Amino acid sequence: MYALNFVLWALAAMAIGLLFMGISRKLTARLQRRYGPPFWQSFIDVIKAFSRKSISHNFIMDLCALMGLAGLLAAAMYVPMGGILPFPSDSPLILILYFMPIGYLGMAVSVSASGNPLASIGIGRALTLMLGYEIPFAIVVMSFISNYGTTNILSIMQAQAGGIENWHIIKMPFGFLASLLALEAMTGKKPFDVMIAPAEIASGPMVELSGKFLGLAFLQYSVAVFVETGLLTALFLGGGATVWEFVLKQFIVYMVLTLFSEIYARYRVEQAVRFLWIYAGGLAVIQLALNMYMK
Amino acid sequence: MGDFITVSRQEIVDNKWERVLNFFRQRSLWMLYYCTGCGAVELPPTMTSRFDMERFGIGPMATPRQADILLITGYVSAKTLKRIVRSYEQMPDPKYVVGFGSCPVNGGIYWDSYATINYLDKYIPVDLSLTGCMPRPQAVLDGLLTLIQMIDKGEAVGHKKYQLNYEWYKKNQREVLERTAPVLDTGGLK
């Protein structure tokens, strides 16, 4: 029974992520006064990528490409879409934060195994950037722990029930800003897109991915979008009474990230880490101090 | 050396599964620009707001592994040919080659140069040629739309031609590449 739930949940997470990616491409196009691709373009891209021949370099590349997707899908299993979960659990936040790096590290090992130096540079940048955004986000999680003594997302969502004035975006604004900055880096949007950087390092980690590997990378990114926007929605925007409300809030979060992405240029990696530690980290520490003081 | 084998269109069109996949392939074409000749300047207007080729699902890609279309602009010098062949062979099937400008078609104004090749189609299979010197963005978009129709009908089969006539293409490539071997004495340096 749970196996069916797992499959449906995984498909839903991928479909939501791909839909968001497509709509954000359309939004970007309209901002640049273009017509833009249709909003289902990401689905077409993924199907086409899976229909092509793919070149595998070794067994590690195959295995870890799947491990990357699996790690993020495991994280997606604990994101409550409007209070619904595929398995009965309290959706522990710590577990999600542990599963997500498995996804990223799986991709890192997979593309490093291809032996392309540009891929290694991209992975080096991505892992450095990870150091930048994980620390502010962890401090924000600590401020939740200091408030509630728990990291269960369901309890945190229940604490925000009853109207917009109870949402953490109102009660913990500094923490929200810190996690929004961290999320911008997690999704690899533009001030922090240093690991992709097509003009510098030929799209970095994806440089050697052909056909099905590229399709897996797209799917992995789509699940990552689902998990990351889902976290912000559940922690700060009150979750949602229904699935639709939850997905709508996720959509708004992702569109805000896209809009930010369109007005900023790219940071170098050390600038990005410094920015994240000083500003996102500073805001997160302020929030933690406030929470501990007010308690 | 056998005869040049052509692919019949019928065997592509009759494969139902291939037709379903072609539906998706024609709507998502990622392009690798090989712009060592001239004419790269025509592509930014084609990509950006004025002509916006992304509305047809055509976008730039950074590496041959990810790309569906190899766009070769301008003249192809004998030394460039080696890199073009390597890029082409790194691309996964199905792949399409678009020759851009007059030079890949018949040499253009460089037809009598010792350093360029005249017929790109002899070395790698060109699916579509955009003639003109230079083709404007309108012509580029028109050509890409023609390529989309060709993929839909199953006529863009350059990669199968390359597989079937691999020896023929390799022989032609070797004739040119032998000319590009270094002739100067390197003085013992590698």
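Which residue in β3(B) is the bridge partner of B:L32? The partner is B:L70, and the views below begin with that strand.

This is a predicted model, in which local features need pLDDT of at least 70 and side-chain atom pairs count only at pLDDT 80 or more, whereas totals for chains, interfaces and linings use all residues. Residues are numbered from 1 along each chain as its sequence is written, and chains are lettered from A and ligands numbered from 1 in the order in which they are written.

View 1. Chain B has 8 helices and 7 strands (helices being DSSP runs of H or I with at least four residues, strands runs of E with at least two, numbered from the N terminus). Over the 190 residues of chain B, 39% count as buried.

**View 2. The parallel neighbours of β3(B).** Strand β1 (residues 29–34) of chain B runs parallel to β3(B) and is joined to it by 4 bridges, while 5 bridges join β3(B) to strand β5 (residues 96–100) of chain B, again in parallel. Strands pair if DSSP finds at least two bridges between them. In β5(B), the bridge partner of B:L71 is B:V98.

**View 3. Helices α3 and α4 of chain A.** Helix α3 (residues 59–76) and helix α4 (residues 93–113) of chain A pack at an angle of about 160°, with their axes 7 Å apart (axes are lines fitted to C-alpha atoms over the stretch in contact, and angles run from 0 to 180 degrees between N-to-C directions). That angle makes α3(A) roughly antiparallel to α4(A), a term for angles over 145 degrees.

View 4. Residue A:A272 is found in helix α12 (residues 269–294) of chain A, and A:A272 is buried, with 22 other C-beta atoms within 10 Å. The C-alpha atoms of A:A272 and A:S42, 230 residues apart along the chain, are separated by 28 Å.

Definitions and conventions:
A residue is buried if 20 or more other C-beta atoms lie within 10 Å of its own, exposed if 12 or fewer, and partly exposed in between; C-beta atoms are placed from the backbone. Angles under 35 degrees count as roughly parallel, over 145 as roughly antiparallel, 65 to 115 as roughly perpendicular and the rest as oblique.
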